[in-house]
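Please read the points below alongside the sequence and the model, which is a predicted one.

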Amino acid sequence: SFFRGCCVTVCVIPPLFANTNKSNTLKTLKTLCEMTPFPRGRPRARKYWSLPVLLPMLGAMLLLLLQWPTAAAARGEHAFGNATGEVGGARAFSRDRGTTPRDTPTAKRTRLRPTTVTRAWIQINPSPMYTPRTQHCAVVVSSTILVIGGMNNANPGVALADVWKSTDGLAWSQVTMTTPFTARYAAGCTVVGSTVVMGGGAASSSTFLKNVFTSSDLGVTWTQATGNWGFTNPERMGLGMVYVSGLGKIFAVAGYKVSSPNCLNDVYSSSNVGATWTVTTSSASFSARFGMGLLVVGTKMWLVSGNGCGTNKPDVYQSVDGATWTLTAADGGFPWRYNFGFVLFEGLLWIIGGRTSSIVQIGVYTVDSTGDGKSWTYLSALPGRIAFFVAVVPPDGSTILTTGGSGTENTYDAVSYQYRYAVSCGTPGRPSNANTPSCTGTAVGNTCSFTCSTGYTGGGTLTCGSDGTWSQSGSCT
């Protein structure tokens, strides 16, 4: 009997505490306890709970129970809590206080696993903030976001000529209130090296522009590259403009003119930073349009949807030279739209918000930027509707930022707001011995403060990091 007790103690009880599959270990323990030490013939199912068997088992179990908190701490269970996301502390028995349990103090900064790790669209209200506006230019140059011109939302129809800058989209400062170029909205803008190039646009609903201006000092000073870029229909707004570095050319694509037919489908290019322009094609294979999405990915230009002056399609075209455009998707699987956000982020092309006839959209769609754009995937919805805005990827490449825009169909919002596609740390767990945290939000940079439960002192703060996890400072002991 004593031999059997020792066998059970050595072979069964340690796995019972170390193995996650405890049910199998318990079955083994039960079987051994119901067997005789040296059965003759078939095993007899008679109970065998003798004192020599139980004493070694009980002694080992008591020893393991005393060591259980230390083992749990070694496995890091105190850092991450249980499956529900609650953060718990490892308990140990204090030798100088008998059997009174006391939580082991946590480190000064502990990484806390959130209940969910994801990204989410979050509305932010930066301060100070540029004047509410729509149909402006927004570009990233020399690690700086520039917002240029646009239409004043508080006074619809009035064009702006100011410039604002930010490095993160959260804190903005005014570069200049007045510029030598005519105030305008719906202009074409792009970046060549460290130079911003802006052309065309509208000074009012009846006055469209045909000049080109450049700035090489983050919008402080502007130089007119040409007073007339020489297009067949030079005065235009709602055009697309991109720079293809492999060709060393700026492309000005399509747009809208005052006289009917209003929509255009021509393409012009410049090899000298907007000083002179030549026609690439007077009639591209895509239908005439304005307010479309236009981006460069590698050596390829993407042209997506837009307002076709009655011929509106959710189509996708690609071109490597600006002259030949290939229809890769007649219907990309998203509602057609114009004046929407269009960016390249984490290897995907993003369609964000926009306007469809008289409806402002909230849907966000993505597609692999290395493919043909045939099948776009619905990703999420913005917290609110938004159109006539510009989306950019800030210099650190960590998020998507919308700038300006309006969320109503027939009027412009005289409100400053932005949406940021930020990492969300989700709802944080409760730190050891603490009350439920009080949070300012769950996005990167947001914090949660916590106080201690009755009988414990201290407190601290949780901070949402860019890796999607909460970082704890302080503890309750």
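1. The second largest pocket has a lining of 15 residues, and those that lie nearest its centre are Arg420, Ala422, Ala443, Val444 and Gly445. The space in this pocket comes to about 330 Å³. Strands β4 (118–124) and β30 (418–424) each supply at least two residues of the lining, which by class holds seven nonpolar, five polar and three charged residues.

2. Tyr317 belongs to strand β20, which spans residues 316–319, and it counts as buried because its relative accessibility is 8%, below the 20% cut-off. Leaving aside neighbours within four places in sequence, the residues in contact with Tyr317 include Ser285, Phe286, Arg289, Trp302, Trp325 and Met301. Met301 stands 16 residues from Tyr317 along the chain, with 8.2 Å between the two C-alpha atoms.

3. Most peptide bonds are trans, and most residues other than glycine have a negative phi. Against that background, the bond from Ser260 to Pro261 is cis, with omega near -5 degrees, and Pro261 sits in the loop between β15 (249–256) and β16 (263–270).

4. Two residues other than glycine deserve a check for positive phi: Val273, with a value near 55 degrees, and Phe388, with a value near 60 degrees. Val273 lies in the loop between β16 and β17 (278–281) and is partly exposed, at 34% relative accessible area. Phe388 is found in the loop between β27 (377–381) and β28 (390–392), and at 9% relative accessibility Phe388 counts as buried.

Notes
Residues are numbered from 1 along each chain as its sequence is written. This is a predicted model: local features need pLDDT of at least 70, side-chain atom pairs count only at pLDDT 80 or more; totals for chains, interfaces and linings use all residues. Side-chain values use heavy atoms; hydrogens and water are left out. On a 1 Å grid over the protein atoms alone, a cavity is a set of points where a 1.4 Å probe fits but cannot get out, and a pocket is an open set with protein on both sides within 12 Å along at least five of seven lines; lining residues have an atom within 4 Å of a point. Grid points are joined across faces, edges and corners, and a volume is the space filled by probe spheres set on the points. Helices (H or I, at least four residues) and strands (E, at least two) are DSSP runs, numbered from the N terminus. Ala, Val, Leu, Ile, Met, Phe, Trp, Tyr, Cys and Pro count as nonpolar, Asp, Glu, Lys and Arg as charged, and the others, Gly among them, as polar. Buried means under 20% relative accessible area, exposed over 50%, partly exposed in between (1.4 Å probe, protein chains only). Contact means heavy atoms within 4.5 Å.
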